[in-house]
Amino acid sequence: MATLVNDRFGSTEQLKIIEEDITKFNVRSHFLPFLEEKSRHSKKYAKVVSNLPFNVSTDVVKLLLPMGDVFSVMVLLLQDETALRLADASIQTPEYRPINVFVNFYSEPEYKLKVERTNFFPQPKVDGAVISFKLKNAGDYPPVGSHKSFFSMVNSAFNGKRKMLRKSLQHLCSSSEIEAALTSIGLLVTARPSDLVLDDFVRLHNHLTKT
Ligand SMILES: C[S@@+](CC[C@H](N)C(=O)[O-])C[C@H]1O[C@@H](n2cnc3c(N)ncnc32)[C@H](O)[C@@H]1O
């Protein structure tokens with residue numbers, strides 16, 4: 001595809017073709033100097049528009065969503081099921097996962113439209129969908145001391161069979177400390193991860209990490 005695009009548009013200075021593996025490419029060091037050069041009066045952001053293979057899409061979401069200093073929006077064609085799962089921030093569903101907390105921490109996702117499988121050739125076994133993520137700037141991220149510690153807590157919260165937080169977070173604090181933290185943020189001591197929205201996870205984390 002790069003060859004075709006180069007043949008057709010290679011003579012224009014408005015297009016630069018880079019053939020790299022996105023998971024290995026140093027996005028910031030490539031884009032930031034270019035955007036700074038363009039930002040005379042106001043800060044400029046790049047946009048991501050991508051039709052990547054479905055099997056690398058989650059890796060790309062995880063890699064690029066925290067780059068709100070580089071990108072303003074990311075529009076992806078994903079497997080319909082994945083797009084629905086990522087865009088739906090509602091709790092209490094079996095599909096609620098740490099990736100939902102991650103997506104809403106760094107962006108505002110929106111399911112745009114379904115793309116039926118008949119639109120592709122060869123026809124895949126699944127439908128696609130377009131989803132957009134409006135990336136937040138660092139100043140708009142929920143206030144947690146350390147992103148690493150926050151997501152480590154979220155991942156642990158979803159571990160374990162029964163998933164009651166007072167059990168699954170026991171490696172961080174005692175059950176009674178977890179119960180006290182849950183009560184102080186207005187949740188039941190028997191709460192499970194599917195009872196918590198992003199803001200609840202943030203408040204729980206901040207309670208458990210304050211000394
Ligand atoms: C579904 S095709 C889409 C092709 C074209 N963009 C289009 O919309 O018709 C997926 C494309 O993603 C490229 N691709 C796959 N893995 C990639 C990666 N890790 N980094 C960058 N590109 C990748 C493939 O080379 C392929 O061209």
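## Terms and the values behind them

Q: Why is Glu108 called partly exposed?
A: Glu108 has a relative accessibility of 45%, and the partly exposed class lies between under 20% for buried and over 50% for exposed. Glu108 therefore counts as partly exposed. Keep in mind that this is a predicted model.

Q: What makes Ser132, Phe133 and Lys134 contacts of Glu108?
A: Contact means heavy atoms within 4.5 Å, and Glu108 touches Ser132, Phe133 and Lys134 once residues up to four places away in sequence are set aside. Glu108 itself lies in strand β3. Leu135 is 27 residues from Glu108 along the chain, with 6.6 Å between their C-alpha atoms.

Q: Why does Ser168 count as buried?
A: The cut-off for buried is under 20% relative accessible area. Ser168 has 16% relative accessibility, so it counts as buried. Ser168 belongs to helix α7, residues 165–168. Leaving aside neighbours within four places in sequence, its contacts are Ser156, Ala157, Asn159 and Lys163.

Q: Why is Asn137 neither buried nor exposed, but partly exposed?
A: Buried needs under 20% and exposed needs over 50%. Asn137 is at 32% relative accessibility and therefore counts as partly exposed. Asn137 is placed in the loop between β4 and α6. Beyond neighbours within four places in sequence, Asn137 is in contact with Tyr45 and Gly68. Met67 is 70 residues from Asn137 in sequence, while the C-alpha to C-alpha distance is 8.3 Å.

Q: How do you know that Asn100 is buried?
A: The relative accessible area of Asn100 is 2%, and buried means under 20%, so Asn100 is buried. Asn100 is in helix α5, residues 98–106. Apart from neighbours within four places in sequence, Asn100 is in contact with Arg85, Leu86, Asp88 and Glu95.

Q: What makes the approach of the Asn100 side chain to the backbone nitrogen of Arg97 a polar contact?
A: A polar contact is a pair of N or O atoms within 3.5 Å, with one able to donate a hydrogen and the other to accept it. The side chain of Asn100 reaches the backbone nitrogen of Arg97 at 2.9 Å.

Q: Why is α5 described as largely enclosed by the rest of the structure?
A: Nine of the nine residues of α5 are buried, so the helix is largely enclosed by the rest of the structure. The buried residues are Pro98, Ile99, Asn100, Val101, Phe102, Val103, Asn104, Phe105 and Tyr106. Their packing partners are α3 (54–64), α4 (80–87), β3, β4, α6 (147–157) and α9 (198–209).

Q: What makes up the shell around the ligand by class?
A: The shell has four nonpolar, one polar and two charged residues. The residues surrounding the ligand are Met1, Glu20, Asp21, Ile22, Asn51, Leu52 and Pro53. Asp and Glu count as charged.

Q: What is the peptide bond from Phe121 to Pro122, cis or trans?
A: The bond is cis, with omega near -10 degrees. Pro122 is found in the loop between β3 (107–115) and β4 (128–135).

Q: How many residues are in contact between domain 1 and domain 2?
A: 11 residues of domain 1 are in contact with 13 residues of domain 2. The domain assignment gives 2–140 for domain 1 and 147–209 for domain 2. Their C-alpha centres lie 30 Å apart.

How values were computed. Residues are numbered from 1 along each chain as its sequence is written. This is a predicted model: local features need pLDDT of at least 70, side-chain atom pairs count only at pLDDT 80 or more; totals for chains, interfaces and linings use all residues. Side-chain values use heavy atoms; hydrogens and water are left out. Helices (H or I, at least four residues) and strands (E, at least two) are DSSP runs, numbered from the N terminus. A residue is near a molecule or strand if one of its heavy atoms lies within 4 Å of it. Buried means under 20% relative accessible area, exposed over 50%, partly exposed in between (1.4 Å probe, protein chains only). Domain bounds come from an automatic or database domain assignment.
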